[in-house]
Amino acid sequence: MTISFVVMMQRMIGGRVLRNFVMGRYHRPVREDRVFMFLDLADSTGLAQRLGDIGVHALISRMFFDIDDVILRHGGEVHRYIGDEVVVTWPLADCRDDGRCLSCYRGIEMLIAARAEEYRALFGVVPVFRAGLHGGPVVAGECGDSKQEIVFFGDTINTAARLRSACKDLGVRLLVSRDLVQAIRVPAAVPLQPCGRLRLNRTAGDDNLLIRKGDVKYMEENVMWADSAFFKVFDFKLIKGNPDKALADPFSIVLTESSAKKYFGKEDPIGQTVLITGEGNPAKVTGVMKDIPENSQIKGDMVLSMST
């Protein structure tokens with residue numbers, strides 16, 4: 001019974017995650033260098049209209065089931081499933097000598113092609129996917145109580161996600177950052193072509209944003225992007241707002257105490273908006289946090305919802 005429970009837990013949360021929980025590796029946030037691959041099903045909206053919600057869910061589930069073995073064989077770890085998207089990660093050091101993260105993408109491509117007729121018979125369509133890969137530093141830590149998980153935070157993740165999004169705009173199926181290409185050995189089986197310099201929307205690597213409130217406007221140089229787990233992983237105290245919900249919705253923004261005073265003076269900023277110039281959308285202030293200490297490894301004057 002005990003062995004069956006352990007096997008079940010490994011399948012539910014992953015063997016590496018289970019080991020790290022047991023060993024307490026991420027009880028406190030730690031910095032790591034990791035590779036992330038964001039891979040999603042192309043035209044999922046169109047497929048949902050064609051197959052119906054249940055049909056497209058069955059297609060996505062089958063695709064993720066099929067590619068899981070490829071991911072494991074290439075040393076990858078499924079970090080999270082998000083709708084029609086899977087997020088896979090590797091320690092960067094594991095990819096340096098053999099570029100296994102890129103070989104994994106190629107392996108998935110070959111597997112789907114080999115099972116094309118099977119997909120057509122079952123669903124009337126062969127899944128097409130897009131992927132973005134980037135590697136670099138992240139901060140990892142445990143979060144949650146009744147349901148615990150290991151959460152990664154940092155611009156490395158944001159960049160990988162936005163590379164995947166850029167695939168659609170460029171009409172390509174794979175985008176890999178130059179930083180990652182330079183950090184690993186690219187396998188001969190995965191030929192890459194340079195596509196020039198891309199400006200990725202809303203990436204913190206290009207995080208100078210003009211923020212405006214009425215006539216008050218500043219070019220902000222320390223804007224962070226994060227999801228709703230941010231305040232569970234990091235010990236940053238909210239003076240106002242709900243830490244569980246502050247970054248849950250698109251165009252939500254949490255200001256530091258100093259930033260709140262800069263834009264709103266003595267007014268209560270909660271529920272008010274600031275304009276993100278260039279985005280064309282107002283961001284709603286959902287929280288005010290204490291200023292981040294100068295000796296912190298994380299720097300920022302405000303936090304925007306990653307789903308913005």
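Q: Which residues does L247 touch, not counting residues up to four places away in sequence?
A: L247 touches A226, D227, S228, F230, F231, S252, V254, V303, L304 and S305, where contact means heavy atoms within 4.5 Å. Please note that this is a predicted model, in which local features need pLDDT of at least 70 and side-chain atom pairs count only at pLDDT 80 or more, while totals for chains, interfaces and linings use all residues. Residues are numbered from 1 along each chain as its sequence is written, and side-chain values use heavy atoms, with hydrogens and water left out.

Q: How far apart are L247 and S305 in sequence and in space?
A: They are separated by 58 residues in sequence and by 4.9 Å in space, C-alpha to C-alpha.

Q: Is L247 buried or exposed?
A: L247 counts as buried because its relative accessibility is 3%. Buried means under 20% relative accessible area, exposed over 50%, and partly exposed in between, with a 1.4 Å probe and protein chains only. L247 sits in the loop between β10 (238–240) and β11 (252–256); helices (H or I, at least four residues) and strands (E, at least two) are DSSP runs, numbered from the N terminus.

Q: What about F251, in which loop does it lie?
A: F251 also belongs to the loop between β10 and β11. Its phi is near 60 degrees, a positive value in a residue other than glycine, and F251 counts as partly exposed because its relative accessibility is 22%.

Q: Where does D43 lie, and what is its phi?
A: D43 is in the loop between β1 and α3, with a positive phi of about 55 degrees although it is not a glycine. At 51% relative accessibility, D43 counts as exposed. Most residues other than glycine have a negative phi.

Q: Turning to packing, which residues touch the most other members of the largest nonpolar core?
A: They are M37, C101, I108 and L133, out of 36 residues in that core. Here a nonpolar core is a set of buried Ala, Val, Leu, Ile, Met, Phe, Trp, Tyr and Cys residues joined through side-chain atoms within 4.5 Å.

Q: Which element gives the largest share of this core?
A: The largest share, nine residues, comes from α3.

Q: And what is L133 in contact with, leaving aside neighbours within four places in sequence?
A: Its partners include V35, F36, M37, C101, L102 and L163, and also L174, L175, V176, S177 and L180. A second, separate core has 19 residues, among them F230, F234, F236 and V254.

Q: Which polar contact does the side chain of T89 make?
A: The side chain of T89, a residue of strand β3, makes a polar contact with the side chain of R34 at 2.9 Å. A polar contact is a pair of N or O atoms within 3.5 Å; within protein, one must be able to donate a hydrogen and the other to accept it, and residues adjacent in sequence count only if both atoms are side-chain atoms. The T89 side chain also reaches the backbone oxygen of V35 at 2.9 Å.

Q: Why does T89 count as buried?
A: T89 counts as buried because its relative accessibility is 0%.
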